Amino acid sequence: MAPAPVYFADLPEKGLTNWPVSYIVHFMNYLETNRQLSEELLSTWLRLGSVINNQRLVSGLSFNEAQVCGLLTQPGGCRTASELCARTRILKSQMNAILLSLEKRGLITRQQDPADRRRIEIRLSPAGISQYQEAHRPVLDMAGRLVGSMGEEKVRQLLPLLRQAADTFERLQKEA
């Protein structure tokens, strides 16, 4: 007769010492497999981020500057430093340094909102739009080559998984 099924959630309550060795071995294998899969996921995630960040696909702008400019180009997108911080997860002090650098180079403008004088709206200047578009083009070309290499169907399958992974990771970070 087969042993009763083991539910891993029950193990902490019952204690491992009450379980047959085969269950403990199975549980330890489960933990090791989960750890290995987690390591592989993290390694791949970091590698992808590193490749994107370190390949200097965006010339003339740092990675964070390009990210901020990209958000400022989206219609109805971020318009204040606080919104940009929330969206990018960049600390306010770092965001202020990024915005100051962009402003000194004439790539953004800051303007007080006439309806709410406490609110400072940030916009890309014409020079900022031009430089961002020029810097963004090679990244977009690289993404197009990725689609060509992987195939449209695989990329369409990958996008929801990447979104779900990013959303889940953000949620788990907030919970930690």
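Arg 119 is partly exposed in this predicted model, with a relative accessible area of 26%, whereas Asp 113, its partner in a salt bridge, is buried at 13%. In total, the structure holds 11 salt bridges.

**Salt bridges between distant parts of the chain**

- Glu 65 forms a salt bridge with Arg 105, and the closest N and O atoms of the pair lie 2.9 Å apart; Glu 65 belongs to helix 3, while Arg 105 sits 40 residues away in the loop between helix 5 and strand 1.
- Glu 65 counts as buried because its relative accessibility is 9%, which is under the 20% cut-off, whereas Arg 105, at 38%, counts as partly exposed.
- Glu 170 forms a salt bridge with Arg 89, with 3.6 Å between the closest N and O atoms, and this pair links helix 7, which holds Glu 170, to the loop between helix 4 and helix 5, which holds Arg 89, across 81 residues.
- Glu 170 is partly exposed at 31% relative accessibility, and Arg 89 is also partly exposed, at 43%.

- In helix 4, which spans residues 81-88, the residues Ala 81, Leu 84, Cys 85 and Thr 88 are buried, and because they cover an arc of only 100° around the axis, they lie on the same side of helix 4.
- The cover over these buried residues includes helix 3, helix 5 and strand 2.
- Just after helix 4, Arg 89 takes a positive phi of about 65°.

How values were computed: Residues numbered from 1 in each chain as written. Predicted model: local features only at pLDDT ≥ 70, side-chain atom pairs only at ≥ 80, totals over all residues. Heavy atoms only, no water. Buried < 20%, exposed > 50% of the residue type's maximum accessible area, 1.4 Å probe, protein only. Helix = DSSP H or I, 4+ residues; strand = E, 2+ residues; numbered from the N terminus. Arc of directions from axis to C-beta. Contact = heavy atoms within 4.5 Å. Salt bridge = Lys/Arg side-chain N within 4 Å of Asp/Glu carboxyl O.
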